[in-house]
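Subject: Handover of a protein structure

Dear colleague,

Please find below the structure that I am handing over to you.

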Amino acid sequence: MPLTDGGDDTGIWQQIFNFDNYGELLGLVQNSLVAGALLGLAGGLVGVFVIMRDLPFAVHGISELSFAGASAALLLGLNIVAGSIAGSLLAAGAIGVLGVRARDRNSVIGIIMPFGLGLGVLFLSLYKGRAANKFGILTGQIIAVDTPQMSWLVGTSAVVLVALAVIWKPLTFASVDPEVAEARGVPVRVLSLAFMLVLGLAVALCVQIVGALLVLALLVTPAAAAARITASPVLLPVLSVVFALVSMEGGILLALGSTIPISPYVTTISFVIYLGCRLASTRRAGRAPQASGLGSTRRAVRAHS
């Protein structure tokens with residue numbers, strides 16, 4: 001049975017990897033390449049604290065309400081980026097305020113996730129416009145970043161990066177040893193809420209390019225990969241950003257000539273990087289047994305502090 005309309009199995013690969021007229025197509029995604037660089041930088045840095053604070057589940061929960069906000073904006077003819085940011089901040093604020101302890105936080109996230117997903121599905125069902133717009137919110141787009149949307153992305157990225165620069169040192173202390181940090185007067189709860197809001201903005205950024213379903217590939221996987229091979233509080237964020245940039249920009253460039261959404265490319269590159277780091281970590285551990293990357297990172301940060 002033929003696998004494609006062309007009647008041979010090479011058609012599948014032609015859909016996945018197609019570099020015909022690549023130079024012309026490249027000019028259409030300049031905004032997306034810039035946006036991808038911003039996402040890689042912001043996502044890689046935020047991901048370090050997502051791993052330190054054990055918040056991958058929160059990323060997924062926030063993305064569901066970000067999806068609902070973007071879907072509502074699409075239905076009402078409003079700015080999709082603004083809707084996504086509003087949904088993300090609402091979810092992040094709720095998780096930060098109601099989920100002080102880990103058990104409470106997971107319960108709040110478990111409640112928010114189906115609620116946000118249900119709202120998003122409802123809004124998309126009511127939307128009668130182009131199906132590609134619906135699909136793009138879930139799985140991402142690479143040539144839909146227009147100038148107004150780019151302005152939102154740049155502005156939001158700037159807020160995330162400035163906020164991280166301001167709270168980086170106390171947040172690191174509060175993340176690796178919250179009891180001692182609180183005893184020394186660090187406002188642990190305020191920092192926790194502040195970071196949740198920063199995380200909400202980062203999730204909204206990622207939803208615009210990779211879609212609501214696969215934001216973990218930028219906000220978790222690069223930092224998790226970096227934590228497998230280094231415990232340095234300096235090298236960890238650097239590698240996390242590099243891995244996120246490679247995943248993001250590589251995904252955009254590979255998806256450019258294909259008919260496939262960008263998200264499978266980004267997630268595959270990110271996953272391959274993680275596997276490589278895990279393999280390197282396993283081989284190194286076989287020669288000299290050591291603690292896990294996260295535990296080593298915490299001890300290294302304590303010593304650094």
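A residue is called buried when its relative accessible area is under 20% and exposed when it is over 50%; in between, it counts as partly exposed. With a relative accessible area of 39%, V242 is therefore partly exposed. Please keep in mind that this is a predicted model.

Surface patch

V242 has its place in helix α13, which covers residues 235-255. Together with V234, L235, V238 and V246, V242 makes a nonpolar surface patch of about 390 Å².

The protein as a whole

The protein has 15 helices and zero strands. Of its 305 residues, 48% are buried. The accessible surface comes to about 14300 Å², and 67% of that surface belongs to carbon and sulfur atoms. Among the contacts with a separation of 6 or more, 76% are between residues 24 or more positions apart.

Aromatic residues

How many aromatic pairs does the structure hold? There are two aromatic pairs. One of them is formed by F49 and W168 in an edge-to-face arrangement, with 4.7 Å from centre to centre and 75 degrees between the planes. F49 belongs to helix α3 (residues 30-52) and W168 to helix α8 (residues 147-176), so this pair ties together parts that are 119 residues apart in sequence. As background, a pair of aromatic rings is described by the distance of the centres and the angle of the planes.

Are F49 and W168 buried or exposed, or do they fall in between? F49 counts as buried, because its relative accessibility is 0%, which is under 20%.

Helix α10

Helix α10 spans residues 188-210 and has 23 residues. From its first C-alpha to its last, helix α10 reaches 32 Å, which is close to the 33 Å expected at 1.5 Å a residue. Helix α10 is mostly covered, with 17 of its 23 residues buried. What does the backbone do just after α10? At that point, G211 takes a positive phi of about 90 degrees.

Yours sincerely,
A colleague

Key
Residues are numbered from 1 along each chain as its sequence is written. This is a predicted model: local features need pLDDT of at least 70, side-chain atom pairs count only at pLDDT 80 or more; totals for chains, interfaces and linings use all residues. Side-chain values use heavy atoms; hydrogens and water are left out. Patches are made of residues with over 30% relative accessible area and no salt bridge: like charges are joined within 9 Å, nonpolar side chains (Val, Leu, Ile, Met, Phe, Trp, Tyr) within 5 Å. Accessible areas come from the Shrake-Rupley method with a 1.4 Å probe; for residues, only the protein chains shown count as cover. A salt bridge is a side-chain nitrogen of Lys or Arg within 4 Å of a carboxyl oxygen of Asp or Glu. Helices (H or I, at least four residues) and strands (E, at least two) are DSSP runs, numbered from the N terminus. Buried means under 20% relative accessible area, exposed over 50%, partly exposed in between (1.4 Å probe, protein chains only). Rings of Phe, Tyr and Trp (its six-membered ring) pair if their centres lie within 6.5 Å; planes under 30 degrees apart count as stacked, over 60 as edge-to-face and the rest as tilted. The expected span of a helix is 1.5 Å times one less than its number of residues. Contact means heavy atoms within 4.5 Å.
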